[in-house]
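Please open the structure in your viewer and keep the selection panel at hand.

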Number of protein chains: 2
Amino acid sequence: MNAHVGNIDRNTTEILRRMEEARADGCDLVIFPELAICGYSPLDLYWRDGFVEACQAAVDRITEASTGIGVIVGGLAAKSRQDLSNRDNISSLSDGALVNLYNRAFLIEDQSVIGYVDKQHLPSYDINCEGRYFTSGEGTSVHEFRGTKLGINVCEDLWIDDGPTDLQASLGAEWIVNVSASPFYVGKLIVRRRLASRRARENNVGVIYVNHVGGQDELVFDGGSLVFDAKGRQVFQAPCFREGVYVVDLDHATPVRSEAASDIETVHTALVLGIHDYVTKNGFEQVVIGLSGGIDSAVVAALASEALGPDNVICAYLPSEFSSTDSREDAIAFASNLGTPLQIIEITDTHHALRAALPLAPAGLVDENLQPRIRGTLLMALANQHRALVLCPGNKSEIAVGYNTLYGDTVGALAPIADLYKEQVYQLAASFGELIPQRIQTKAPSAELRANQRDQDDLPPYEVLDPILKQLIEANASKHQLVEQGFDEAVVMDVQRRIRITEHKRHQLPPGIKVSPKSFGSGRRIPLTNGYCE
Amino acid sequence: MNAHVGNIDRNTTEILRRMEEARADGCDLVIFPELAICGYSPLDLYWRDGFVEACQAAVDRITEASTGIGVIVGGLAAKSRQDLSNRDNISSLSDGALVNLYNRAFLIEDQSVIGYVDKQHLPSYDINCEGRYFTSGEGTSVHEFRGTKLGINVCEDLWIDDGPTDLQASLGAEWIVNVSASPFYVGKLIVRRRLASRRARENNVGVIYVNHVGGQDELVFDGGSLVFDAKGRQVFQAPCFREGVYVVDLDHATPVRSEAASDIETVHTALVLGIHDYVTKNGFEQVVIGLSGGIDSAVVAALASEALGPDNVICAYLPSEFSSTDSREDAIAFASNLGTPLQIIEITDTHHALRAALPLAPAGLVDENLQPRIRGTLLMALANQHRALVLCPGNKSEIAVGYNTLYGDTVGALAPIADLYKEQVYQLAASFGELIPQRIQTKAPSAELRANQRDQDDLPPYEVLDPILKQLIEANASKHQLVEQGFDEAVVMDVQRRIRITEHKRHQLPPGIKVSPKSFGSGRRIPLTNGYCE
């Protein structure tokens with residue numbers, strides 16, 4: 001299910017439609033993911049007066065429509081709001097933190113809620129902050145449904161060793177039904193499969209794992225719902241990144257092979273879905289992309305074209321006096337391949353006007369920064385004129401070291417490849433086949449903000465930089481650990497310094513789309529004012 | 001204590017220096033705030049390889065230096081890192097979430113750690129996310145120190161009814177020592193006093209409350225450490241917003257009157273400290289402010305001048321063809337009052353160059369947005385040239401409804417008045433006496449981006465808007481509740497819509513300084529893609 005966060009009416013209507021479809025298919029039970037009613041995650045909307053009540057009313061609608069079919073659906077439950085007026089702690093009061101709110105899976109059949117389970121383990125690592133909102137469920141139960149014993153639990157509760165799953169199995173559950181909201185990163189599906197298989201084998205119990213599909217700000221839910229039999233064999237996998245009613249006959253399930261897409265193909269699909277859903281769920285159709293003639297903007301435009309159609313991708317090339325003939329040719333050739341017209345907007349006059357306006361003539365980095373900021377301004381104007389969103393071309397390597405101009409090339413509503421290291425951007429470009437001209441894929445990267453500039457004059461080569469960044473950002477490595485792994489100490493220290501002094505830039509970036517276990521965004525919280533040096 | 005987050009060496013050296021000072025003053029015990037060693041809050045730095053170990057080494061330094069004096073100091077403790085290589089949950093693995101980390105208060109004397117207490121209640125509401133990092137402490141203890149029984153606990157543990165404080169009192173504690181990291185908002189000190197007094201009275205126990213001082217990104221810690229006797233009478237209050245060693249003789253303590261500053265005076269002091277610490281802790285001395293001739297930028301410049309000295313405030317006036325003579329005169333008069341030169345930078349030529357560059361001539365909002373973006377670009381250039389930080393003049397009212405231009409007047413490293421409604425900005429302006437010219441304080445607000453523009457042509461009047469915003473943002477009110485309170489339904493719906501569709505702008509703002517129970521920033525998390533409508 002591809003829910004729309006906060007749009008309770010729309011999500012509930014979709015749930016009802018899918019219930020009809022499942023009933024028509026002769027299903028006993030239809031299972032929707034975690035918090036299917038409100039989408040994942042409404043964040044502080046939980047605390048909005050009326051929000052929980054609206055979600056509870058949706059359960060009533062679903063219950064009324066459940067004649068002849070069983071439904072498991074994720075929603076909310078709250079104890080009655082407490083009178084907090086005598087409390088001293090007015091911050092927690094305004095946050096409603098003292099209202100007991102539960103992340104609940106409802107089991108519904110024939111116009112009755114016949115059971116429910118509240119999530120017990122509330123993740124707070126990475127992008128998760130469920131401890132902010134929810135109270136842990138208590139007690140463990142098994143529900144009998146049409147003669148089969150079901151152990152229903154919610155997302156994280158499947159991941160905990162000696163946790164709710166094991167207890168439910170020991171209480172006689174034949175099938176574990178886990179409703180989940182598990183966002184994509186590269187390799188996550190394999191991790192899920194391994195987990196589901198292990199839980200099944202350890203407990204001699206079948207496992208049904210139901211996940212969300214779709215983009216929500218920085219996250220993409222990849223679906224790929226799974227069924228494992230009690231021997232730990234995969235008997236079903238729903239397609240990844242694709243919403244649908246998938247019917248599994250548990251009495252006649254036989255082992256199936258796993259879907260096998262390469263990592264970069266999976267990233268490609270995830271980013272297309274992430275762009276599509278961000279743009280359309282926010283009520284837009286079109287995007288604006290500034291093509292530099294380089295690889296990052298070309299990849300973003302190619303993804304956007306796949307997500308929205310080439311007619312919805314407005315491409316502009318904004319040359320300055322430092323832009324090369326190659327870049328112009330490459331931008332033109334690529335836009336032509338894409339099948340979208342290219343607007344060419346010269347920025348030199350504006351650049352000169354800005355230079356003349358400044359009391360002190362700009363030089364060096366000051367003059368370089370003027371150019372992307374002019375481009376950012378023009379791209380935003382194009383977006384305003386066409387009612388479109390600007391897509392930001394920044395990649396993870398340059399964002400990590402701050403090799404960008406805040407309010408310049410960082411401008412945008414979404415940064416689709418912000419979680420891809422430069423080396424991955426090359427791989428992704430190749431996944432588009434002939435679409436992106438060869439020269440774009442092979443020439444030396446340059447910001448073209450001064451004569452003969454190349455990234456490698458300012459930064460370590462990406463094949464050196466990227467592995468260091470991965471260790472520092474994703475593994476929280478220390479200098480000591482990196483030096484032990486054979487990296488050059490001076491280079492490591494330089495990269496550490498660049499990351500530390502550019503935290504303020506990342507604070508003001510558009511959301512990126514997460515494809516790694518640790519992306520920049522809400523899952524990584526580093527103080528801007530930070531005196532930590534090893 | 002005004003700690004520098006992450007700068008463990010510097011903080012520890014300060015702690016040692018203050019221990020010397022306390023010893024010289026003949027003190028038995030010197031008390032530092034929560035997490036004094038690493039500052040509050042290092043956030044994901046906790047997970048950096050070596051960080052916890054560095055904090056533990058600092059405890060050793062402090063312990064070695066504790067001959068003849070007792071010390072209570074906040075720091076970290078971790079159980080040994082576990083081998084997580086077999087875990088499936090690689091997100092939580094990279095976050096080190098499975099390492100048991102404790103937020104600990106150490107009691108040290110004569111080169112020994114003679115006791116410790118771990119924080120039990122880990123707040124996750126508003127700006128807090130301690131559940132992300134810490135494991136709750138267990139068990140309750142009372143420590144005998146030089147013949148007196150101390151119930152030591154950490155911050156939130158004082159706030160919990162029937163919590164650690166009451167239990168420690170029942171175990172015979174004579175004094176509760178609470179080490180805290182409690183950020184400022186208007187009225188917070190009164191809330192703390194009421195709480196400390198109540199805990200003292202309820203349990204017939206003295207309460208010593210020790211807080212941080214200083215700015216850290218969006219937060220200002222206001223100090224104001226407190227001592228209440230067992231009858232619930234305040235016997236000491238440290239000055240607010242001022243670091244120092246404050247000596248209290250508990251055997252001869254007598255009731256004292258409370259410090260009484262008005263709310264707006266307190267906000268004034270908090271913002272000055274917040275600006276000062278953000279700029280200087282990040283290694284800067286100077287700031288750049290674009291004066292519009294209006295009240296917001298004047299107030300920000302006045303605050304910055306108080307924080308950093310007028311010589312460190314670079315003021316620029318950047319008129320377009322729509323800027324009024326009044327604005328020019330007002331900017332000039334104010335800069336003259338401030339005693340800082342005013343750079344006047346005309347933006348009309350650049351504006352015209354941008355208009356000419358766009359394939360489709362800009363009109364309306366598109367043309368209006370060009371102007372603040374030119375200004376943002378020029379202010380950033382000035383900042384680059386002077387190695388200064390730009391301060392953003394946005395106030396809470398305009399930020400809430402998105403009455404600003406992203407990458408234009410939102411540009412900056414810090415937004416000092418981002419948590420002040422427009423009505424509070426007027427009060428704050430008045431608190432500067434003669435500094436801000438009368439006409440700036442009385443004329444109708446205008447962005448001056450088109451001829452004869454006034455805020456009130458585009459927005460509800462601030463005296464209507466501000467109370468609605470306060471209800472929607474700080475009380476999570478619904479339309480229903482506001483209408484019941486007598487607000488006009490159509491106006492409420494319009495304001496709700498404006499807030500909802502401008503969430504993406506706030507995502508990319510510089511940090512503001514929190515002065516209310518609910519500011520924009522990490523304490524308010526609303527999805528950008530949000531389909532919730534009542």
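This is a predicted model: local features need pLDDT of at least 70, side-chain atom pairs count only at pLDDT 80 or more; totals for chains, interfaces and linings use all residues.

Stop 1: Select chain A and chain B in two colours. Here, 97 residues of chain A are in contact with 97 residues of chain B. The area buried between chain A and chain B is about 8,400 Å², and carbon and sulfur atoms contribute 54% of that area.

**Stop 2: the chain A side.** Select helix 3 (90-94), helix 5 (188-203), helix 6 (263-281), helix 9 (348-357), helix 10 (364-386) and helix 18 (503-507) of chain A; each supplies at least two residues of the side that touches chain B. Which helix of chain A gives the most to this side? Helix 10 of chain A does, with 12 residues. The residues of this side of chain A divide into 44 nonpolar, 32 polar and 21 charged.

**Stop 3: an aromatic pair.** Over all chains, the count comes to 18 aromatic pairs. Select Trp47(B) and Tyr133(B), which form a tilted pair, 5.1 Å centre to centre with 50° between the planes. Trp47(B) lies in the loop between strand 1 (29-31) and helix 2 (51-64) of chain B, and Tyr133(B) in the loop between strand 4 (112-118) and strand 5 (143-145) of chain B, so the pair ties together parts that are 86 residues apart in sequence. Both Trp47(B) and Tyr133(B) are buried.

**Stop 4: an aromatic cluster.** Finally, select Tyr46(A), Trp47(A), Phe51(A), Tyr133(A), Phe134(A) and Tyr532(B), which form one aromatic cluster.

Key. Residues are numbered from 1 along each chain as its sequence is written. Chains are lettered from A and ligands numbered from 1 in the order in which they are written. Side-chain values use heavy atoms; hydrogens and water are left out. Contact means heavy atoms within 4.5 Å. Buried area is the accessible area (1.4 Å probe) that two parts lose on being put together, summed over both. Helices (H or I, at least four residues) and strands (E, at least two) are DSSP runs, numbered from the N terminus. Ala, Val, Leu, Ile, Met, Phe, Trp, Tyr, Cys and Pro count as nonpolar, Asp, Glu, Lys and Arg as charged, and the others, Gly among them, as polar. Rings of Phe, Tyr and Trp (its six-membered ring) pair if their centres lie within 6.5 Å; planes under 30 degrees apart count as stacked, over 60 as edge-to-face and the rest as tilted. Buried means under 20% relative accessible area, exposed over 50%, partly exposed in between (1.4 Å probe, protein chains only).
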